[in-house]
Structure formats: C-alpha cells, structure tokens
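Student: Could you walk me through this protein model before I start on my own notes? I'd like the fold, the core and the charged contacts.

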Amino acid sequence: LRLVAVLKAILEGEKAAVLKRDRHLPLSFHRRQEELKFSLGLQRLQHRVREIQALRDGPAGEGLGQDGPLLGPNVRDPQLKTEAKPPESELPALILEAVKELEAAKQQVLKRIQIWKRQQQLAGNGALFEENLAPLQKRCESLVEVYFQLHQQVMAASTELGAELLPRLLERFNDVLSSLVKR
C-alpha cells in the first residue's frame with residue numbers, strides 16, 4: 001500500500017508539472033481517463049454480480065465442489081450450516097450496492113452520450129468531429145449485458161429480498177434501462 005501511495009504521489013506530481021507547463025491536459029488524456037474510469041466501474045459491477053451469485057449459490061454449491069469429495073461430507077456440513085445465515089442478511093446490502101454502481105455506470109454512459117451529441121452539434125459549425133460510434137456502442141452494450149445479469153440475480157433472489165425491497169429494486173432497474181433507451 002505504501003508503494004501505491006508513493007507511485008500515486010509521483011504521478012500526481014507529474015500531472016501537476018504538465019498542467020503548470022501547458023495549462024491543460026490534451027483531450028485524449030481526459031478521454032482515456034474517462035474510459036478507464038468506466039471500465040473499472042464496469043469490472044467492479046461484474047465482480048458484484050459474481051459475488052451475488054456466489055452468495056446465493058455458495059452454501060448449496062460448496063458441497064458439490066472439488067473440495068467436497070476430498071474432505072468428505074462430514075467435514076463440510078458444520079461450516080455450511082453456520083455460514084448459511086449471514087449471507088442471507090448480506091445479500092440485500094450487496095444487491096443495493098450493485099444497483100448503486102449500475103446507476104453510476106449508467107450516468108457515465110449518459111454523460112458520454114451527451115458529450116457526443118454536443119460534439120455533433122459543434123461539427124455543424126466546422127469543429128472536428130469523430131463520428132466513430134463503436135466505443136459508445138460498446139459501452140452501452142456492456143452496460144446492458146451487466147444490467148441483465150444483475151436483474152437475473154435479483155429475480156432469482158426475490159424470496160430473500162422481501163416484499164418491500166423487490167418492487168423498489170425493479171423500479172430502479174426500469175429507470176436505468178428506460179433512460180439508456182431514451183437517450
């Protein structure tokens with residue numbers, strides 16, 4: 001962690017030196033930084049989906065895994081019974097966190113769409129315009145793919161979520177998808 005802190009301080013110093021000399025960073029730097037932020041957020045979201053699935057399938061699936069036959073069923077059963085209750089209480093919190101990250105990723109995509117629209121408007125006045133929609137399409141497709149995976153996990157865990165949380169989550173899911181489609 002100290003190494004990361006030192007490297008971060010060095011990079012921030014270099015960024016400050018570049019800003020001091022040029023007064024601004026090139027547009028490609030900001031675009032690359034934005035792309036990295038989005039990909040990191042998407043990877044974090046995919047990890048949350050895998051965590052949710054592991055939490056749901058964990059107690060039932062661990063006995064069937066590779067460790068089960070080697071250790072024998074009597075060794076694994078006491079652990080399974082004690083671990084079965086905490087994940088159920090963790091599941092709603094993990095799902096809410098994943099939905100919050102999904103909404104944040106959606107905001108990044110919508111911001112990028114708005115920037116693209118503004119650049120298209122400025123192109124009418126002679127500004128340079130990159131017409132390549134492939135990166136934006138890739139963002140939307142990857143976000144929708146994760147959206148459907150998360151939605152599937154929520155529907156599969158609907159009994160653990162309760163009657164009051166499930167409708168709110170489904171409404172938030174609908175808001176995410178409808179805003180992506182409308183924009």
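Tutor: We can go through the overall fold, then the core, the aromatic rings and the salt bridges. This is a predicted model, so local features need pLDDT of at least 70 and side-chain atom pairs count only at pLDDT 80 or more, while totals for chains, interfaces and linings use all residues. Residues are numbered from 1 along each chain as its sequence is written, and side-chain values use heavy atoms, with hydrogens and water left out.

Student: OK, how many helices and strands does the protein chain have?

Tutor: The protein chain has eight helices and zero strands, where helices (H or I, at least four residues) and strands (E, at least two) are DSSP runs numbered from the N terminus.

Student: And what share of the residues is buried?

Tutor: Of the 183 residues, 27% count as buried; buried means under 20% relative accessible area, exposed over 50%, and partly exposed in between, with a 1.4 Å probe and protein chains only.

Student: Which residues touch the most other members of the largest nonpolar core?

Tutor: That core has 31 residues, and Ile95, Leu102, Leu143 and Leu150 touch the most other members; a nonpolar core is a set of buried Ala, Val, Leu, Ile, Met, Phe, Trp, Tyr and Cys residues joined through side-chain atoms within 4.5 Å. Two or more residues come from each of α2 (27-62), α5 (85-123), α6 (134-156) and α8 (165-182), and α5 gives the most, with eleven residues.

Student: What is leucine 143 in contact with, leaving aside its neighbours within four places in sequence?

Tutor: Leucine 143 is then in contact with Leu42, Leu45, Leu102, Ala105, Lys106, Val109 and Leu180, contact meaning heavy atoms within 4.5 Å.

Student: Switching to rings: how many aromatic pairs are there?

Tutor: The count comes to two, given that rings of Phe, Tyr and Trp (its six-membered ring) pair if their centres lie within 6.5 Å, with planes under 30 degrees apart counted as stacked, over 60 as edge-to-face and the rest as tilted. Tyrosine 147 and phenylalanine 148 are edge-to-face, 5.0 Å centre to centre with 75° between the planes. Tyrosine 147 also pairs edge-to-face with phenylalanine 173, at 5.5 Å centre to centre and 75° between the planes, and this pair links helix α6 to helix α8 across 26 residues.

Student: Now charges. How many salt bridges does the structure hold?

Tutor: It holds seven, a salt bridge being a side-chain nitrogen of Lys or Arg within 4 Å of a carboxyl oxygen of Asp or Glu. Glu34, Glu35, Arg112 and Arg139 are linked in a network of them.

Student: What are the N to O distances for glutamate 34?

Tutor: Glutamate 34 meets arginine 112 at 3.9 Å and arginine 139 at 3.4 Å. Arginine 139 lies in helix α6 and glutamate 34 in helix α2, so their pair ties together parts that are 105 residues apart in sequence.

Student: Which other glutamate forms a salt bridge with arginine 139?

Tutor: Glutamate 35 does, with the closest N and O atoms 3.1 Å apart. Arginine 139 is buried, with a relative accessible area of 3%, whereas glutamate 35 counts as partly exposed at 27%.

Student: And where does the charged end of arginine 139 sit?

Tutor: It sits over the ring of phenylalanine 38, 4.7 Å from the ring centre; the rule asks for NZ of Lys or CZ of Arg within 6 Å of the ring centre and within 35 degrees of the ring normal.
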